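Try each one before reading on to its solution.

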Amino acid sequence: MQETVLRQLVKVAGLQEMTMWRNTHNAWHLSVTVASRPHVLYLSTRRAPRVPRAFTRLEAALAAGQRIRATRQVTLVLR
């Protein structure tokens with residue numbers, strides 16, 4: 001989903017979990033689980049709305065997550 005749509009959905013339905021992961025090509029992706037929906041939603045771009053958006057830097061993925069949640073502080077849990 002595009003950032004503006006995902007931001008509104010999180011605002012209305014409530015955020016359950018936000019996950020950032022790195023794939024085998026060293027690109028970071030951002031996914032969100034909303035409390036009212038059982039499936040995972042991915043942040044995408046306008047050009048490719050069905051493909052998860054790839055970030056080359058972790059800082060950029062964190063900034064996008066902060067914009068979606070409209071918060072300044074993020075707790076990062078590493079697994």
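**Exercise 1.** Is Glu3 buried or exposed?

*Solution.* Keep in mind that this is a predicted model. Start with location: Glu3 sits in helix H1. Next, check its relative accessible area, which comes to 16%. The cut-off for buried is under 20%, so Glu3 counts as buried.

Now look at who surrounds it. Leaving out residues up to four places away in sequence, Glu3 touches Leu43, Ser44, Arg53, Arg67 and Ile68. With one of these, Arg67, there's a side chain to side chain polar contact at 2.8 Å.

**Exercise 2.** Work out how helices H1 and H2 are oriented to each other, then list the residues that make the contact.

*Solution.* Two packed helices are described by the angle and the distance between their axes. Here H1 covers residues 3-13 and H2 covers residues 58-69. Their axes come within 8 Å and cross at roughly 50 degrees.

For the contact itself, H1 brings Glu3, Leu6, Arg7 and Val10, while H2 brings Arg67, Ile68 and Arg69. Sort those by class and you get three nonpolar and four charged residues, with no polar ones. Glu3 and Arg67 both turn up in this list, and they're the pair from Exercise 1 with the 2.8 Å polar contact between side chains.

**Exercise 3.** Find the aromatic pair and say what geometry it has.

*Solution.* The count comes to one aromatic pair, formed by Trp21 and Tyr42. Their rings are 5.7 Å apart, centre to centre, and the planes make an angle of 70 degrees. Over 60 degrees counts as edge-to-face, so that's the label for this pair.

Then place the partners in the chain. Trp21 belongs to strand E1 (residues 15-22) and Tyr42 to strand E3 (residues 40-42), so the pair links distant parts of the chain, 21 residues apart. As for accessibility, Trp21 is partly exposed at 29% relative accessible area, and Tyr42 is partly exposed too, at 36%.

**Exercise 4.** Which strand holds Thr33, and which residues does Thr33 touch?

*Solution.* Thr33 is part of strand E2, which covers residues 28-34. Its relative accessibility is 16%, so Thr33 counts as buried. Setting aside residues up to four places away in sequence, the ones it touches are Leu15, Gln16, Glu17 and Val40.

Key. Residues are numbered from 1 along each chain as its sequence is written. This is a predicted model: local features need pLDDT of at least 70, side-chain atom pairs count only at pLDDT 80 or more; totals for chains, interfaces and linings use all residues. Side-chain values use heavy atoms; hydrogens and water are left out. Axes are lines fitted to C-alpha atoms, for helices over the stretch in contact, and angles run from 0 to 180 degrees between N-to-C directions. Helices (H or I, at least four residues) and strands (E, at least two) are DSSP runs, numbered from the N terminus. Angles under 35 degrees count as roughly parallel, over 145 as roughly antiparallel, 65 to 115 as roughly perpendicular and the rest as oblique. Contact means heavy atoms within 4.5 Å. Ala, Val, Leu, Ile, Met, Phe, Trp, Tyr, Cys and Pro count as nonpolar, Asp, Glu, Lys and Arg as charged, and the others, Gly among them, as polar. Buried means under 20% relative accessible area, exposed over 50%, partly exposed in between (1.4 Å probe, protein chains only). A polar contact is a pair of N or O atoms within 3.5 Å; within protein, one must be able to donate a hydrogen and the other to accept it, and residues adjacent in sequence count only if both atoms are side-chain atoms. Rings of Phe, Tyr and Trp (its six-membered ring) pair if their centres lie within 6.5 Å; planes under 30 degrees apart count as stacked, over 60 as edge-to-face and the rest as tilted.
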